[in-house]
Amino acid sequence: MGNLGRLHSSLVIAFAVTLSLCAWIPASAFADEPVVSGGSSFTVGQADEATTTGNGQAIAGDEGAAVADKTVTPAVTDDVQATAIDASSSTGEVVSELSTNPVPVEADGWHTDASGSYYISDGTRLASRWVVTANSPSGESGGLQRYWVGADGYLARGRLVTSDEAGYWAYATPSGAVLRGRWADPSTGYVYLADNDGLLAGPGWVVANYDDGLQRYWVDASAHACVPGYSADGWAHYTLASGYVLRGRWADPSTGYVYLADNDGLLAGPGWVVANYGDGLQRYWVDASAHACVPGYSADGWAHYTLASGYVLRGAARYDSDGVLVADNDGRLAECYSSGGWLVTAAFSGSLERYRIDDCCGGILGAHVGAFEVGGSLYYGNPSTGYVARNTNILLDGTFYRADNDGRLSVIDTGGNYAMWATAQDYTSSTNYLILINCGDHLVGVYYGGYMNWTCIQMYACGNGKDSTPTVKGSFTVSGKGYSFGSGFTCYFYTQFYGDYLLHSILYYQNSWTVMDDSLGMGVSHGCVRLATENAEWIYDNIPLGTRVISY
């Protein structure tokens, strides 16, 4: 056979062998992508060497060398068995059969593996795509939500979605759903704002209603969120934990600092601010470094004391058991008026008063209050006002004192009946004496002094009118006196205070000193007030006409 004939015979044989091989190799082996079967894939094609190794048998290379007994490992799993072909056979006899364990293609929807959640759509795993679905990655069904699947094919959670990724800035919440509305990150406190498509608000000023009424927000350019705390961006403002800026007055519970802002959120200060933030017109000192009113003492501006409400003290405020801070109407403390000692001024109360100034307020100059001694004299500072008691009576530890015009205290006698003594203080008399008749307790008290300064000098048991003939009640004056009177009896040393109503001795038999009835401490008379004879005589001898008599 000529050369051309031999060439033609060889081509026919080669074509026949090729057709025989093709009958046993799957058509998909010639595709560009791996074939997925049973969760594994490998490519069958022409190569110079066997393409698999391991427990399976190799496919011969294009040189036709027999490699069937060579140990090889499949490029996929042990569930895939390679097909071995007898290279010595011109028919390409199959030595062992190709077999796989097929696994169904993943269904559309969310799936989760060790790295996170991913989404399958039309059999394809999505990446760098928005997903809008009512089904959550956790499998729960709810309203439509928007999700971002990143370039790695996994759902974004708890992070910003950048404009480079998605075309605009968004925030993927920890659940995976993109924020719509307002949300505060519990780990940072940052408050994110977004519209219904998840587009984050800002940066800069945003005025909107996120379920707290119309509020003003400052969205930080780098955080893409509202950052709680002070910021000078835009204008000096303070962002609250809710995300919007302070308008009005607010005290930080962690520091006590009090921030002040106008209706646009512009913080007040620094320096003195006089304004009404809900407590009437008050004076505030805004600290330059804190951007707020800092409670406590400060010498800035002038010596002042900022209260917990933010404004400075004006008037008096109790500091501790021994001291009261006092300040004038502008908030100037006592140290602006005195370096210590006695201070007489109307600056703190509006009336001229006397204060004892010392470092009784934790080292701050203030007014000494309570009982204290100076130069051997006892004084009493009013715990409410700071100034010392003057021209009045006070009770200290069960003892009554009279305070003079300088505040010096002296012990006064109440006669053992505080209620009567206290009642006497409300009355005046045209003399230095005052008589009280207490019909309920059957007592007569004699007081010396003057209005709000009566001291009890005599206290007597008496026999006043019985129920059927009571003693007259009211305010009267001593109008007459006499040695004795009576018919069928005799009473001595009488003092007249109203008509036939008298203060006099007990009853004696007529024109004698023989006792007829010495009953006292009860209602026994026809209206007069009986006393022990020596007591009736003392009043007769010492109480001048015109002295006020109070019967009650």
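Helices (H or I, at least four residues) and strands (E, at least two) are DSSP runs, numbered from the N terminus. The views below show a predicted model, in which local features need pLDDT of at least 70, side-chain atom pairs count only at pLDDT 80 or more, and totals for chains, interfaces and linings use all residues. Residues are numbered from 1 along each chain as its sequence is written, and side-chain values use heavy atoms, with hydrogens and water left out.

**View 1**
Tyr355 is found in strand S27 (residues 353-361). With a relative accessible area of 0%, Tyr355 is buried (buried means under 20% relative accessible area, exposed over 50%, partly exposed in between; 1.4 Å probe, protein chains only). Its C-alpha atom is separated by 6.2 Å from that of Val344, 11 residues apart along the chain. Leaving aside neighbours within four places in sequence, Tyr355 is in contact (heavy atoms within 4.5 Å) with residues including Val326, Trp342, Phe348, Ala367 and Tyr387.

**View 1. The open sheet that contains S27.**
Five strands form this open sheet, with antiparallel pairing in the order S24-S25-S28-S27-S26; two strands pair if DSSP finds at least two bridges between them. Strand S24 (315-318) and strand S26 (341-345) are the edge strands, each pairing on one side only. From one strand to the next, the twist averages 45° (axes are lines fitted to C-alpha atoms, for helices over the stretch in contact, and angles run from 0 to 180 degrees between N-to-C directions). Within the sheet, strand S25 (residues 323-327) pairs with strand S28 (residues 364-368) in the antiparallel sense over 2 bridges, and Gly323 has His368 in S28 as its bridge partner.

**View 2. Strand S46 and its pairing with S34 and S38.**
Strand S46 (residues 548-551) pairs with S34 in the parallel sense over 4 bridges, and Arg548 of S46 stands opposite Leu434. Strand S38 (residues 474-477) pairs with S46 in the antiparallel sense, also over 4 bridges. Here Ser475 has Ile550 in S46 as its bridge partner.

**View 3. Asn438 in strand S34.**
Asn438 is found in strand S34 (residues 433-438) and counts as buried because its relative accessibility is 7%. A polar atom of the Asn438 side chain lies 3.2 Å from the backbone nitrogen of Gly440. Not counting residues up to four places away in sequence, Asn438 touches Met420, Leu443 and Tyr552.

**View 4. The largest nonpolar core.**
A nonpolar core is a set of buried Ala, Val, Leu, Ile, Met, Phe, Trp, Tyr and Cys residues joined through side-chain atoms within 4.5 Å. The largest has 23 residues, of which Ile435, Ile437, Val444, Leu503 and Leu531 touch the most other members. At least two residues of this core are supplied by each of S34, strand S35 (443-448), strand S40 (491-498), strand S45 (529-531) and H4. Apart from neighbours within four places in sequence, the contacts of Ile435 include Val446, Leu503, Ile539, Ile543 and Val549.

Thr533, Asn535, Ala536 and Ile539 are buried in helix H4 (residues 533-542). These residues lie on the same side of H4 because they cover an arc of only 165° around the axis, the arc being that of the directions from the helix axis to the C-beta atoms. The face of H4 turned away from the buried side carries the exposed residues Glu534 and Asp541.

Key:
A polar contact is a pair of N or O atoms within 3.5 Å; within protein, one must be able to donate a hydrogen and the other to accept it, and residues adjacent in sequence count only if both atoms are side-chain atoms.
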